[in-house]
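I opened the file and kept short notes on what I looked up. The entries go from the whole chain down to single residues.

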Amino acid sequence: MKNIIWDFDGTLFDTYPQMVNSFLLALNKMHIDDFEIDEYEIYEIMRRHSLSIAIQKYSAHFNLDPEKLRKKLFTL
């Protein structure tokens, strides 16, 4: 065996709570109010699909630029 791939997320550490929190903060920084955001739905999209799909969905839903949302996520 030459290489080993290890899936850290969800195996050794559950990063979803931090990912969802960061997503919520990014949406807030883009002036989306908390009452418009379904935290559990964000979690489910990330868990079942991916962060990229969550960015696409919420950018479309709130009429946001997906690249600006992505940048907010990675500059928190």
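Predicted model: local features only at pLDDT ≥ 70, side-chain atom pairs only at ≥ 80, totals over all residues.

**Entry 1: whole chain**

I looked up the secondary structure and found four helices and zero strands in the protein chain. Along the sequence I read the pattern α-α-α-α. For the extent, I noted that the C-alpha atoms fill a box of roughly 50 × 20 × 20 Å along the principal axes. I then checked burial: 29% of the 76 residues count as buried. Of the contacts with a separation of 6 or more, I found that 48% come from residues 24 or more positions apart.

**Entry 2: surface and charge**

I computed an accessible surface of about 5800 Å² for the protein chain, with 53% of it belonging to carbon and sulfur atoms. I counted 9 positive and 12 negative charges, and their mean positions are 9 Å apart.

**Entry 3: helix α3**

Which residues of α3 are buried? I listed Ala-54, Ile-55, Tyr-58 and Ser-59 in this helix, which spans residues 51-61. These residues lie on the same side of α3, because they cover an arc of only 125° around the axis. On the other side of α3 I found Gln-56, Ala-60 and His-61 exposed. I then asked what the buried residues of α3 pack against. The partners are α1 (16-29), α2 (39-48) and α4 (66-74). At the start of α3, I noted that a side-chain oxygen of Ser-50 comes within 3.4 Å of the backbone nitrogen of Ser-52.

**Entry 4: helix α2**

In α2 I recorded Ile-42, Glu-44, Ile-45 and Met-46 as buried. The buried residues of this helix pack against α1 and α3. At the start of α2, a side-chain oxygen of Asp-38 reaches to within 3.2 Å of the backbone nitrogen of Tyr-40.

I looked at Glu-44 separately. Why does Glu-44 count as buried? Its relative accessibility is 10%, and the cut-off for buried is under 20%. I also found a polar contact of 2.7 Å between the side chains of Glu-44 and Arg-48.

**Entry 5: Ser-22**

I located Ser-22 in helix α1. Ser-22 counts as partly exposed because its relative accessibility is 26%. Leaving out residues up to four places away in sequence, I found that Ser-22 touches Leu-73 and Leu-76. I also looked up Asp-34, twelve residues from Ser-22 along the chain, and the two C-alpha atoms are separated by 13 Å.

**Entry 6: positive phi in the loops**

I keep in mind that most residues other than glycine have a negative phi. Against that I noted His-31, which is not a glycine and has a positive phi of about 70°. His-31 sits in the loop between α1 and α2. Is His-31 buried or exposed? His-31 counts as exposed, at 70% relative accessibility.

Asn-63 is not a glycine either, and its phi is positive at about 55°. I placed Asn-63 in the loop between α3 and α4. At 73% relative accessibility, Asn-63 counts as exposed.

Key. Residues numbered from 1 in each chain as written. Heavy atoms only, no water. Helix = DSSP H or I, 4+ residues; strand = E, 2+ residues; numbered from the N terminus. Buried < 20%, exposed > 50% of the residue type's maximum accessible area, 1.4 Å probe, protein only. Contact = heavy atoms within 4.5 Å. Areas by Shrake-Rupley, 256 points an atom, 1.4 Å probe, with all protein chains shown as cover. Lys, Arg positive; Asp, Glu negative; His and termini not counted. Charge placed at Lys NZ, Arg CZ, Asp CG, Glu CD. Arc of directions from axis to C-beta. Polar contact = N/O pair within 3.5 Å; in protein donor to acceptor, adjacent residues only side chain to side chain.
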